[in-house]
Amino acid sequence: MSQSISHIVPEIAEPQLRRSVMPWLALARGGVAIGLLLMWEAFARWVPDLIAGPLPTLLRVMDLVRTGEIVSMVWATTLEAIGGLLIGAGLGVVLPFVVQMSPRLSAVIEPFAKTTVGIPKLALSPILIMWFGIGLTSKIVLVALMTFFLVFVATFVGIRSVGPNLIRTVAIFGAGKLEIAREVLWNSSQPFVWAALRAALPWAINAALVGEFLSAENGIGYYIHHSYNLADITGVYAGMVITAALVLLADAVLRLFQRRALAWRPDNADQTLH
Amino acid sequence: MWDRIIFAAALAAVWQAGSAWAGPEQISSPVLVVQQIYVWIASGVLLGHVGYTVLEAALGFLIGAVPGLLLPLVLRRHVFLAAVLDPFIMIGYGLPKIAFIPLFIVWFGIGIWSKVALVASVSFFLVFFSTSEGVRAVDPRLLRMAKVAGASEAQLLRTIVLPSATPFVFQAVQIALPLSIGGAAIAELISSNRGLGYLIQSSAGNFEITGALAAVAALTLIVALTNIAVAAAEAQLLAWRPQMTPSTPKAA
């Protein structure tokens, strides 16, 4: 069963350490962070053509903030990612409930769903750009395609993870197919859906960026690619930092929603999918 | 079974009919795509591009997965170090590697190594996380028992930790290998002069939808073949295990 889920959402393991070493832990983490920054700076001095240092990168990001350029490019990318995610993940959550109504249909769909998960969807981006133009639409379609299959398969698996006993019991009490879907399947598949959403989110942003690399008029990916073409390494780095911040922030927000949505579950049932 | 064949045939028929209606320049057709693949195979073009992409994916996967596999085994004994590194590896995992392709190209050029680096960075984190989890999931009673019996760390790793982590490793491989091939192709889309991704991009650049779709089909086929190979290898290596999956949901 686990094979059909095509992603991993890692969680930090609770460190099995004594309380007394905790301050040391924080100190050591800080040390590693500073060490990494110093390494970045050292590399930047060593090969300035290939690597922009942390300080110039930060200054560039602040420049972009001051001129307001950052708003329009983050907005464009976010719009593509969220638009595509809403369509792709929305269909990915809803369709499995439709499909599961008929066991025969599920049996037919399953191998196709698994195969299509394997298609590198991002590789379709040049084709999508030909079909939908270089504007927003082609990126939204790309993001939707990318996220749909992730969420569809996870939801499908979530629905199938429900034990037949529960369903039969509820049916004996007189629940119809719709009520079973709403009360039993929907609730049981929640953790799967949320894990899939968290896995899909970085892919949504990735997909939007790849689309923008290939051809676009605006967006973070456009800025990165444009800077790259001008051999403006600092611009490339600034774009990367903005992307990384966007992805980490989006995941933090989604994690908050996930925790609220799953708050009703007992703690030990709060699972991640692997 | 028949249902599936009918469904597949229906999909192909709809596509073919659509192409007859809208004109093959727009959406191509299954027949044209198969023809294109055949032409490429006959002329040997396809093999060259496939080989290049697979080489990138394989090299990158090895360079990423081997440290990803070994590091958790080392960190098993160093709890403090593992706790220190944990958030950094989490962030590294969370970073959108595909979005970093231009960076890899800046560092390693438009040749094979930028793709290898991308694939390595993707597969390292996947294998690392899954293996770490496998290492944590080892039955502590077995470990204590073996220690009492005088097993060395190397013996523990070889006879207990590695075998019980193997399903987790495979889980990562199942995810990482298709991503490796796809990732290599995506990097080729953005800048390359060889490989399946290049084939897609150059066909699309010449408005040859058939060529682009044929290249995507070839890519999908390779990913599917890889999946089959991994599943076969897993069945072989895990034949000793009773039927179970590594992460059956705890709260089903």
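Leaving aside its neighbours within four places in sequence, with which residues is A:Ile205 in contact?

1. This is a predicted model, in which local features need pLDDT of at least 70, side-chain atom pairs count only at pLDDT 80 or more, and totals for chains, interfaces and linings use all residues. Residues are numbered from 1 along each chain as its sequence is written, while chains are lettered from A and ligands numbered from 1 in the order in which they are written.

2. To take the question first, A:Ile205 is in contact (C-beta atoms, placed from the backbone, within 7 Å) with A:Thr77, A:Ala81, A:Thr243, A:Leu246, A:Val247 and A:Ala250, and also with B:Pro96 and B:Ala99 of the other chain, once neighbours within four places in sequence are left aside.

3. A:Ile205 is also among the residues that touch the most other members of the largest nonpolar core, which has 133 residues; A:Val143, A:Ala200 and B:Ala176 are others in that group. A nonpolar core here is a set of buried Ala, Val, Leu, Ile, Met, Phe, Trp, Tyr and Cys residues joined through C-beta atoms within 7 Å, and a residue is buried if 20 or more other C-beta atoms lie within 10 Å of its own. Helix 8 of chain A, residues 177–214, gives the most to this core, with 19 residues; helices are DSSP runs (H or I, at least four residues) numbered from the N terminus.

4. Between the chains, 57 residues of chain A are in contact with 58 residues of chain B. Helix 10 of chain A provides the largest share of the side of chain A that touches chain B, namely 8 residues. By class, that side has 39 nonpolar, 15 polar and 3 charged residues, where Ala, Val, Leu, Ile, Met, Phe, Trp, Tyr, Cys and Pro count as nonpolar, Asp, Glu, Lys and Arg as charged, and the others, Gly among them, as polar.

5. One helix pair spans the two chains: the axes of helix 5 of chain A and helix 10 of chain B, lines fitted to C-alpha atoms over the stretch in contact, with angles running from 0 to 180 degrees between N-to-C directions, come within 8 Å and cross at roughly 20°. The two helices are therefore roughly parallel, a term kept for angles under 35 degrees. A:Pro126, A:Ile127 and A:Met130 meet B:Ile200, B:Gln201 and B:Ala204 in this contact.

6. Within chain B, the axes of helix 10 (residues 196–205) and helix 11 (residues 209–237) come within 7 Å and cross at roughly 160°, which means that these helices are roughly antiparallel, as angles over 145 degrees are called.

How values were computed. Angles under 35 degrees count as roughly parallel, over 145 as roughly antiparallel, 65 to 115 as roughly perpendicular and the rest as oblique. A residue is buried if 20 or more other C-beta atoms lie within 10 Å of its own, exposed if 12 or fewer, and partly exposed in between; C-beta atoms are placed from the backbone. Two residues are in contact if their C-beta atoms, placed from the backbone, lie within 7 Å.
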